[in-house]
Amino acid sequence: MADKLISRRDLLKKSAFWGIAVVVGPALLNGGCGSDAPVCTDTAGLSQPEIAMRTANAYVDRTPEPAKTCANCNFFESRGESACGGCKVLKGPIAPAGYCRLWAAKIA
Ligand code: SF4
């Protein structure tokens, strides 16, 4: 019988775990899925050379280099944080959190 009782230490450990899970879990899911970030991969209106240019320069909607995003690139044309923008070099929709090999620091 005594084996089945939960000790105060175990109760505190479990409470701490679930407390953290409830607070941090949604934040991780939101950030991990990027639910606020626009999806800017629709190339339907572009020509084959324009699509090839995006591919050749490895454009992605989510940068692999956190310090380098389209939002802080010199070629980015913003249309708001949660909207696809444009690019002076690559045609088509461009995500603020995106990246490509042509990234260049924004000139102030
Ligand atoms: S050049 Fe590349 S990194 Fe810069 S805005 Fe255009 S797509 Fe983004």
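In what pattern do the helices and strands follow one another when the chain is read along the sequence? The chain follows the pattern α-α-β-β, with helices (H or I, at least four residues) and strands (E, at least two) taken as DSSP runs and numbered from the N terminus.

## Model and confidence

This is a predicted model, in which local features need pLDDT of at least 70 and side-chain atom pairs count only at pLDDT 80 or more, while totals for chains, interfaces and linings use all residues. Residues are numbered from 1 along each chain as its sequence is written.

The mean pLDDT, the predictor's confidence in each residue on a scale from 0 to 100, is 81 for the chain, and 68% of the residues reach 70 or more. Over residues 17-34 the pLDDT stays under 50, and for this stretch the model has 2 contacts beyond four places in sequence, a contact being a pair of residues whose C-beta atoms, placed from the backbone, lie within 7 Å.

## Overall fold

The secondary structure of the chain comes to 2 helices and 2 strands. Of the contacts between residues at least 6 apart in sequence, 67% join residues at least 24 apart. Buried residues make up 19% of the 108 residues in the chain; a residue is buried if 20 or more other C-beta atoms lie within 10 Å of its own, exposed if 12 or fewer, and partly exposed in between, with C-beta atoms placed from the backbone.

## Core and ligand shell

The largest nonpolar core has 13 residues, and those with the most contacts inside it are C70, F76, C87, L90, I94, A95 and C100. Such a core is a set of buried Ala, Val, Leu, Ile, Met, Phe, Trp, Tyr and Cys residues joined through C-beta atoms within 7 Å.

The ligand is surrounded by 14 residues, of which the closest are C70, C73, F76, C87 and C100; a residue is near a molecule if its C-beta atom, placed from the backbone, lies within 6 Å of it. This shell divides into 13 nonpolar residues, 1 polar and no charged, where Ala, Val, Leu, Ile, Met, Phe, Trp, Tyr, Cys and Pro count as nonpolar, Asp, Glu, Lys and Arg as charged, and the others, Gly among them, as polar.

## Strand β2 and the residue after it

C87 is placed in strand β2 and counts as buried because 21 other C-beta atoms lie within 10 Å. Beyond four places in sequence, C87 is in contact with C70, F75, F76, E77 and I94, and its C-alpha atom is separated by 9.0 Å from that of N74, 13 residues apart along the chain.

K88, by contrast, belongs to the segment after β2 and is exposed, because it has 12 other C-beta atoms within 10 Å. Residues up to four places away not being counted, K88 touches F75 and E77, and K88 and N74, 14 residues apart in sequence, are 8.8 Å apart from C-alpha to C-alpha.

A58 is found in the loop between α2 (48-56) and β1 (76-77), where it has a positive phi of about 60° although it is not a glycine. With 11 C-beta neighbours inside 10 Å, A58 is exposed. A58 is one of the residues in contact with C100 beyond four places in sequence, the others being N57, Y59 and L90.

I107 lies in the segment after β2 (86-87) and is exposed, with 5 other C-beta atoms within 10 Å. The C-alpha atoms of I107 and N72 are separated by 9.2 Å, the two residues being 35 apart along the chain.
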